[in-house]
Structure formats: C-alpha cells, structure tokens
Amino acid sequence: MPDYFAYTDGACSGNPGPGGWGVLLQAKTGAQVVKERELFGGEGETTNNRMELLAAIHALETLGRATAITVITDSQYVKNGVTSWIHGWKRNGWKTSAKKPVKNAELWQRLDEAQKRHQVTWEWVKGHAGHPENERADELARRGMEPFKPAGGGK
C-alpha cells in the first residue's frame, strides 16, 4: 500500500489581490512516486492566507475515501492553525483569545470538516528553499492565479 502526500501552497499578487492555490498529490512506495495528481485554482480578490487554506482544503476534499495522508505546507499559519490554535477557537465559539472573530473562520471550519475522515499528519517546510515538491505546488498556485491577474501586469 502506498503512502500519500499532499504538497500545498498559496500565492497572492498583492495582499489582498488576485490569488491562487496549488496542490501536488502523490502516492509513493518508498521513494518512488506511483501516482500523481495536480490541482489548482484561484480567486480575483483574496489573501495569501485564504489561498494557503484553500490548497489544504482541496487536497483533503479531493480524496475519494478515508486516507492516511501527510500534508506538507510552507504556511506556518495553516500548520499552527490546524494543529494547535483551532482547538481553542472551537472551544471559544470561533473567537480568538482576545475575543475577536477568527479570520477566515469559514475556511478553518471547512478544513476541520475535511480532515475529519482522514488520518492527517501535518508538516511544515520552508518555502522557496529548493524543496522540489513545494516548488511544484508554488508553480501550481501561480498557475491558478493567472486567470485573475490583470492583463500585462502584476507579479
């Protein structure tokens, strides 16, 4: 049985601005990739954090059955949010410790729901540090952003 990995990334041109998310899904036996799938999408007016969250959400929602999967993100926001902060937010009715509404609560709730049927291990990698799969996820996020960027401009 292969091991499953999702490499996720988000990108934004301006913050807020046009943004994209990307996912590289891989099934591996040892170091050998036996199956691979690329996902990407975007929005016209969004933030980098929203795109990072949507990448993780789409990675988990795409899986057709309950799966043990490692999600690798370069977003401390996503990794810390889903492994630590979310527990307090849920206890506090989706409010921060300062009693303010959690930003992107609807996406955090969607991510929480998406991970329930899977056995998810969350890992963080430094972005733009030459990690091949993370670089591919970044390329996919940029591809997802392309249709939303103004013609002839932007990053």
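1. Strands β1 (residues 3-12) and β2 (residues 17-29) pair in the antiparallel sense over 10 bridges. Helices (H or I, at least four residues) and strands (E, at least two) are DSSP runs numbered from the N terminus, and two strands pair if DSSP finds at least two bridges between them. In this pairing, Tyr7 stands opposite Leu24 in β2.

2. The model is predicted, so local features need pLDDT of at least 70 and side-chain atom pairs count only at pLDDT 80 or more, while totals for chains, interfaces and linings use all residues. Residues are numbered from 1 along each chain as its sequence is written, and side-chain values use heavy atoms, with hydrogens and water left out.

3. The five strands form an open sheet with mixed pairing, in the order β3-β2-β1-β4-β5. Because β3 (32-46) and β5 (119-124) are at the edges with a single partner strand each, one side of each has no neighbour in the sheet. From one strand to the next, the twist averages 20°.

4. Helix α2 (residues 76-91) packs on the sheet and touches β4 (68-73) and β5; its direction makes about 140° with that of β5. Axes are lines fitted to C-alpha atoms, for helices over the stretch in contact, and angles run from 0 to 180 degrees between N-to-C directions. Contact means heavy atoms within 4.5 Å.

5. Thr73 lies in strand β4. Its relative accessibility is 1%, so Thr73 counts as buried (under 20% relative accessible area; 1.4 Å probe, protein chains only). Not counting residues up to four places away in sequence, Thr73 touches residues including Thr8, Val78 and Trp124. The Thr73 side chain reaches the backbone nitrogen of Ser75 at 2.9 Å.

Methods
Buried < 20%, exposed > 50% of the residue type's maximum accessible area, 1.4 Å probe, protein only. Polar contact = N/O pair within 3.5 Å; in protein donor to acceptor, adjacent residues only side chain to side chain.
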